[in-house]
Each structure stands twice: as C-alpha cells, then as structure tokens.
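Hi,

Here is the structure I promised to pass on. Please open it alongside this note; my findings follow below.

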Amino acid sequence: MPENTKLKRQALLFLASTCMASYSGTRRRYGREFKKEDVLEQGTRSAIFELIRENEGLHFRKICRLLDKKMGVVQYHVSVLEKHGLIRAIRDGRYKCFFATNGEKNRMVSPDDRDPKMESLRETIITSLRRKTPQVLIQHLVKENVASHQALSNVAQVSPQAITFHTQRLQSFGIIESQKEGRQKFYTLSDNARLITDNLVRR
C-alpha cells in the first residue's frame, strides 16, 4: 500500500475515533440517566419543580418567564422531571400545564381527591382558574351559587356570545351545570366542582 494512502487511512480512523469520543461525551453530559433521588440535586431543575409544586397548573411559557430561563433549558429539565414521575402535564387548549406528583402532595390530599375522576376535575378547575374569564365565572358561582347568562356577562364584562363559549366549555369539563327557566339560562357549579373549589378556597 502506498505510504500516502496509508497515512490518509490512519488520519481518517483517528478522526472517526475522535468524533465518536466527542459524541459519547455529549451523551454523558446531556443524555445521561439520573437516579430518581438525584434528579432534584440540580439547581435549575429543583427550582422548576418547586415552582410547579407551589403553583399547580402553571403552563410552560409562564415557567420560563417566572424563572427567566430559555425555553430549551426549561424543556430539558421538565422532560427529566416528567420521565422520573415527579411532575405530569395536562393540555388546556394550546397550553401545556404542569402538576407535581410527589408523595408528599399525595399524602396531603383527601381520599376523595385521590379518586382519578376527582383529581382530573380538580386539575381542570385549577387550569381554568388560570384563565381570566373562566376564573371570573367560577369565582362568581362560588360566591353566588346561581347566576343567569346575562349576570355572568355583566360580571365578566364580555359579550353574551363569549359567555356561551366559556360556559359550554366549562360544562363539557363537568365544572358547571345549566338549567333553563323560560327564556333565561341559569348556571351553577356541579356538586363535585363545588367540593373541589371549596377545598381550593380553604387552602
């Protein structure tokens, strides 16, 4: 084999081995496996977890803003927390909202709240309360028990058409119920939603 060909082959082999070592090092830095007990030792990840634990239902962009972190950084740490079962996400329209799933929280909730359907409703109520108009509607029904379509429109300061959209959405979630009397429509919280909102108000 000519000397220059042999040198070229050796150079290519060296370059390939260097690239593989670099790739392996990158995987160890960014794709390494964590033990569950070590996940929260990283500062940013721990801050994200504590923020979610103290503020249930936060959506992704809100976390980035509150911690002043880039989306890519938050996305990486959120994925680690989700993978190890420390947080879980639910969809609320175009938002992805997060909840802590640590054992301490589970021990603090009542047996009723540990029921999957009740827990799902609770999370949906929390995410709804983070939206302006649904928050006004739910809080008004907590206070007044019953409200007409027009009364909700007046309280929320939005059009009756907007109230129709929001009430239909809240009804589909099982948060509110409606009853028609003559030409008027009246709304109340569902029994389960009232139990949950009472607990949320007391917290």
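The buried residues of helix 4 are Val74, His77, Val78, Val80 and Leu81. Around the helix axis they cover an arc of only 155°, so they sit on the same side of helix 4. Gly72 and Lys83, on the other side, are exposed. Bear in mind that this is a predicted model.

Just after helix 4 comes glycine 85, with a positive phi of about 75°.

Three strands form an open sheet in the order 4-6-5, and the pairing is antiparallel. Strand 4 (146-148) and strand 5 (176-181) are at the edges. Each has a single partner strand, so one side of each has no neighbour in the sheet. From one strand to the next, the twist averages 30°.

Strand 5 and strand 6 (residues 184-189) run antiparallel and are joined by six bridges. To find your way in this pair, look for glutamine 179: it stands opposite phenylalanine 186 in strand 6.

Which helices pack on the sheet? Helix 7 (residues 132-144) does, touching strand 4, strand 5 and strand 6. The direction of helix 7 makes about 85° with that of strand 6. Helix 8 (residues 149-156) packs on the sheet too, touching strand 4 and strand 6. Its direction makes about 90° with that of strand 4.

Is threonine 188 buried, partly exposed or exposed? Its relative accessible area is 24%, so it counts as partly exposed; buried would mean under 20%. Leaving aside residues up to four places away in sequence, threonine 188 touches Leu141, Asn145, Val146, Ile175, Ile176 and Glu177. Take isoleucine 175 from that list. It lies 13 residues from threonine 188 along the chain, and their C-alpha atoms are separated by 8.8 Å.

Best wishes

Notes
Residues are numbered from 1 along each chain as its sequence is written. This is a predicted model: local features need pLDDT of at least 70, side-chain atom pairs count only at pLDDT 80 or more; totals for chains, interfaces and linings use all residues. Side-chain values use heavy atoms; hydrogens and water are left out. Two strands pair if DSSP finds at least two bridges between them. Helices (H or I, at least four residues) and strands (E, at least two) are DSSP runs, numbered from the N terminus. Axes are lines fitted to C-alpha atoms, for helices over the stretch in contact, and angles run from 0 to 180 degrees between N-to-C directions. Contact means heavy atoms within 4.5 Å. Buried means under 20% relative accessible area, exposed over 50%, partly exposed in between (1.4 Å probe, protein chains only). The arc is that of the directions from the helix axis to the C-beta atoms.
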